[in-house]
Amino acid sequence: MTNKEGAIVIEKKILILGALQHSSQHGYQLAQLLDMGPFSAVRVSKANAYKLLADMEKDNWLSVTREQDGSRPPKQTYQITELGKQNFIELINQSLAQQAPSMHSWLVAFDFLDALEAEHVKSLLKVKQQIAEQKLAAFNVLTDEQLAMHPSVDFLHQSAELEYRWIKQLIHTRFPNEGK
């Protein structure tokens, strides 16, 4: 596992353990919470969530209660253990102490726009601008209180604002007559 992959696993575990800090939850509830689209710094698919939950149960970080309801598959309710709480604190410390590689590796392509035809660059940048605008719009529905409660979401919101303004400025710089 690379450092980047390890950092992502740590962040996913922090997210799961953090979600269980105040109350136990069913696996399905957790999976929905963890797949919050643009509002989460780390995305966790359902399959990955269940794998991490199983791993943390095996390591005694979580306890699981299984409830059978007729012929339906058993419902699993996850609760953080004392060992899980200790590891949650340790993972937070580890995460804050490490320097993760940039998540914006796609930016390198912007350094070589001159390798493409101008009209093609313009169309690609316009698409990129629309995507950034949509991402920003998703964050703009959040209240200041919601952003204040979740600094990671506030960071992503501010990053989306910066990305949108930067792409808009890049278009204006490369194609000055575009907005006129």
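Which residue stands opposite R66 in strand 3? In this model, which is predicted, local features need pLDDT of at least 70 and side-chain atom pairs count only at pLDDT 80 or more, whereas totals for chains, interfaces and linings use all residues. Residues are numbered from 1 along each chain as its sequence is written, and side-chain values use heavy atoms, with hydrogens and water left out. The residue opposite R66 is Q76 in strand 3.

The secondary structure of the protein comprises 7 helices and 3 strands, where helices (H or I, at least four residues) and strands (E, at least two) are DSSP runs numbered from the N terminus. Read from the N terminus on, the elements follow the order α-β-α-α-β-β-α-α-α-α. Of the 180 residues, 30% count as buried, a class defined by under 20% relative accessible area, with exposed meaning over 50% and partly exposed lying in between (1.4 Å probe, protein chains only). Among contacts (heavy atoms within 4.5 Å) between residues at least 6 apart in sequence, 61% join residues at least 24 apart.

The 3 strands form an open sheet with the order 1-3-2 and antiparallel pairing, two strands being taken as paired if DSSP finds at least two bridges between them. Strand 1 (25-26) and strand 2 (62-67) stand at the edges with a single partner strand each, so one side of each is left without a neighbour in the sheet. Strand 2 pairs with strand 3 (residues 75-80) in the antiparallel sense over 6 bridges, and here E67 stands opposite K75 in strand 3, while R66 faces Q76 as stated above. Strand 1 and strand 3 also run antiparallel and are joined by 2 bridges, with H26 standing opposite T77 in strand 3. Helix 3 (residues 46-58) lies across strand 2 and strand 3 and runs at about 115° to strand 2; axes are lines fitted to C-alpha atoms, for helices over the stretch in contact, and angles run from 0 to 180 degrees between N-to-C directions.

K13 has its place in helix 1 (residues 3-19). Although buried, K13 has no salt bridge, and the nearest side chain of opposite charge, D59, is 5.1 Å away; a salt bridge requires a side-chain nitrogen of Lys or Arg within 4 Å of a carboxyl oxygen of Asp or Glu, and for charge Lys and Arg count as positive and Asp and Glu as negative, with His and the chain ends not counted. When residues up to four places away in sequence are not counted, K13 touches L52, M56, W61 and L91.

A search of the whole structure finds 1 aromatic pair. The rings of F110 and W166 have their centres 4.8 Å apart and their planes at 75°, so the pair is edge-to-face; rings of Phe, Tyr and Trp (its six-membered ring) pair if their centres lie within 6.5 Å, with planes under 30 degrees apart counted as stacked, over 60 as edge-to-face and the rest as tilted. The pair links distant parts of the chain, since F110 is in the loop between helix 4 (82-97) and helix 5 (118-139) and W166 is in helix 7 (residues 151-174), 56 residues apart. F110 counts as buried at 13% relative accessibility, whereas W166, at 37%, counts as partly exposed.

A137 is found in helix 5 and is partly exposed, with a relative accessible area of 42%. A137 and E161 are 24 residues apart in sequence and 9.4 Å apart in space, C-alpha to C-alpha.
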